Structure formats: structure tokens, C-alpha cells
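Thanks for making time this morning. I would like to take you through one model, going from the whole chain down to a single residue.

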Amino acid sequence: MQYDFLIFGGTGLQGRICARDLLESGYSVLLAGRDPGGISDLLENKKAGFESINLTEEAAIPAVIRKSEADVVVNCAELVFNIPIMKACLKTERSCTDLGGLQDITREQFKLDSAFRKKGLLTITGCGSTPGIVNVMAAHGLKQLGSVEAIKLGFAWDSNIKTFVVPYSMQSIFYEFTQPPVIFRDGRFVKGNRIECLGTFDFKEVGRQTVYCIVHSEVYTFSRYFKHKGIGNVHYMAGFPEHSLKAIQALIDLGFHSPNKIVIDQCTMSPLDFTIRALKQLPIPRGYREVENLWVKVDGTKRGKGVITEMNCIVKTVKGWESAGTNVGTGRTISIMSQMLKRGLIPQTGVYAPEAVIPPDLFFKELAMRKMYVYQDGERIN
């Protein structure tokens with residue numbers, strides 16, 4: 001069977017969300033991953049299929065791409081697989097989307113730009129909520145500004161039941177919490193620390209929350225794409241409710257984030273692997289709901305006068321998608337951007353972040369259809 005899309009990481013949380021959105025949009029999808037146990041509901045759809053793959057065996061990636069016959073590859077796997085999957089797409093001449101790779105991996109991805117251009121292919125990296133939605137909001141917010149001095153951006157979220165539920169990829173969370181953030185300050189990349197770059201703000205729908213600087217790819221891509229606006233400063237800031245922040249910090253303090261292999265009951269694995277598996281077993285409390293504010297604040301000039309413009313996207317738990325919480329903002333967004341690529345709405349070739357190629361008005365309309373609403377300076381625009 002020829003599929004419209006191939007999803008790597010198709011059995012993980014974001015892959016499942018993306019696949020469901022694509023299937024409900026009428027497309028056929030091949031989900032590639034290790035354990036089909038969690039996607040039995042999706043496989044009831046005749047347009048869905050499953051292919052077993054271990055992405056650490058890089059030679060197997062091109063074979064699965066060819067087998068799918070899909071012309072768009074969607075990468076919802078962990079960020080360490082971004083480069084191998086991109087290289088497999090070059091080898092098989094496919095375009096692809098992914099969820100982003102923080103700064104170091106994103107830099108490596110852009111080194112493949114000329115190779116993708118030569119083959120007339122496109123990679124869009126960072127197609128989730130953040131990076132993803134915030135990138136497109138930033139591009140929209142900057143359109144009417146003459147110059148830009150600084151951009152602050154990030155996310156804040158909370159839940160109605162104050163119990164720990166895995167917010168998103170624990171591997172990414174542990175990395176973000178333990179690596180020094182790279183900040184774009186006065187036109188230069190510098191290493192900061194989470195405590196140095198913090199603030200407490202009132203966030204629409206979320207309330208008052210303290211946010212901390214963490215390492216994130218937008219700092220790199222914004223400095224790249226908004227250079228013509230004279231941008232000098234970019235700070236990325238993450239906010240977690242207190243109950244979630246304490247749980248994450250406790251796991252780190254106890255060493256459960258370590259990738260170093262150890263022997264546990266005659267089984268060799270890392271504390272990180274064990275933690276990820278264990279946390280997958282946590283039940284989501286009945287009636288649990290989340291709300292997330294994805295935000296961008298731009299300090300610039302308009303007609304020679306200093307202005308500050310703010311963009312927000314509010315993502316909430318959606319009826320019928322309760323188990324996904326606000327992760328719908330990531331999984332459904334990469335579905336939207338992948339559909340745009342397949343439909344020929346993005347003519348560029350090469351490697352790009354969303355702020356450079358995603359048409360904001362059409363994208364915001366698609367978000368609204370999925371109950372994700374965008375605001376500019378307090379007024380809803382979709």
C-alpha cells in the first residue's frame with residue numbers, strides 16, 4: 001500500500017496524536033516504531049499501517065521510507081534521530097518535518113540545507129508548539145515592525161488537578177533542565193543559567209507563574225531569520241506549575257535522568273530509560289485538564305516609535321483528546337505543517353524553521369479549527 005505520510009516515532013505520544021489528526025483529515029499513514037501495543041485503536045482505520053523499526057539501526061531507516069512510498073516523512077521521534085532521518089530522506093529523495101532539535105542539533109540540521117536544495121527537497125524543523133507555533137507567531141508579530149531590539153518567548157501551563165503528569169518528552173525535559181541555556185544577548189550567543197534569567201508574570205488563562213531560561217532552538221533560528229530587523233536579544237523561558245517543577249527536580253536530584261547504563265535485576269538499562277518506562281505507566285487522573293499559554297513578546301519600533309507587541313496561543317485539553325492534554329499543540333501542529341508541505345503550499349527547498357516558510361494566516365486558521373486560538377495584543381486573530 002502506498003501511504004500519504006510515514007511517521008517515525010509513530011508509537012510515541014506525539015506520533016500517535018499526529019497520526020490521528022492526519023487520519024481524521026482523510027490521509028493514509030504508516031506508523032513506524034517499536035511497540036504497536038498503544039496504537040491498536042489507530043490501526044483499526046484501514047488507512048493506517050504499522051512497521052517495526054529500531055531507529056538506532058540507521059541502515060533500516062531508508063528501507064522503511066521506500067516501503068511506505070510516502071513522499072512526506074514526519075519525524076516525531078526523539079531529537080537524537082533528526083540527523084539520521086534527514087540523511088535517509090536525502091538518500092530516498094523525500095521531504096520531511098520534525099519536532100526540532102534544540103540548538104546544537106538544529107545547527108547541524110542547517111548544514112544539510114544545500115544538499116536538500118540540490119535535490120529539490122524541503123525539511124522543516126521545529127514543527128510542534130514550541131518550536132513551531134511560537135515561531136509563526138513571532139514572524140507574524142514582526143511583520144509590521146521596522147526594527148526589533150529583543151524577543152522573549154516561551155510557554156507557561158497549569159492543570160486543574162495538582163498531580164504530576166508527564167508534560168512532554170522526559171528526555172527533552174531533563175536536557176533542558178540540566179544544560180545551561182544559550183542566550184542571544186547584544187548580538188552574541190552566550191551561556192547563561194536558569195536562575196539568572198527568570199521572571200514572574202501573569203499569563204492569560206494560566207495565571208501568575210515563574211519562568212526560567214532553558215536551552216531552545218528558537219534562540220538560534222530567530223537570530224538567523226530576523227537579522228534584517230536588527231535583532232540583538234532573544235531569551236527563551238519555560239514555565240511549569242509548582243507541583244510539576246518539584247517532581248522533575250526531584251527526579252534529577254536522585255539521578256533518574258542519567259543516560260549511563262547500569263544493571264538492574266540482570267537487565268542493562270540507564271536510569272533515564274527506566275524513568276521513561278516507569279512514567280509511562282502513570283495514570284491520568286479522571287477529570288484532569290490542562291491549559292498552556294505559548295507566548296512571544298517583541299520589543300521593537302513602528303514608524304520610529306518604540307512598541308511592544310505580544311502574541312499568545314492558548315491550548316487546552318480538548319474533548320475527545322483528553323489523554324493528550326496540551327500535547328495536542330505539538331502533535332496536531334506537526335500534522336498541520338506536514339499537510340501544508342504535501343499540498344504544495346510551501347514552495348521552498350532546503351532546510352528551514354517554521355518562521356521562514358509557514359504562511360501565518362492559513363496556519364492560524366487551521367489551529368482555530370482544532371480549538372487552538374491565537375491572540376495579538378489581547379485580541380483574538382483566528
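Helices here are DSSP runs of H or I of at least four residues, strands are runs of E of at least two, and both are numbered from the N terminus. On that basis the protein has 14 helices and 19 strands. Its radius of gyration, taken over C-alpha atoms, is 20 Å, close to the 21 Å from the globule rule for 382 residues, so the protein is as compact as a globular protein of that length; the rule itself is 2.2 Å times the number of residues to the power 0.38.

Please keep in mind that this is a predicted model, in which local features need pLDDT of at least 70 and side-chain atom pairs count only at pLDDT 80 or more, while totals for chains, interfaces and linings use all residues. Residues are numbered from 1 along each chain as its sequence is written, and side-chain values use heavy atoms, with hydrogens and water left out.

Of the 382 residues, 58% are buried, meaning under 20% relative accessible area with a 1.4 Å probe, protein chains only. Taking contact as heavy atoms within 4.5 Å, 69% of the contacts between residues at least 6 apart in sequence join residues at least 24 apart.

Now to E292, which lies in strand β15, residues 290-302. Leaving aside neighbours within four places in sequence, E292 contacts residues including F155, W157, V206 and T326.

Notes: Buried < 20%, exposed > 50% of the residue type's maximum accessible area, 1.4 Å probe, protein only.
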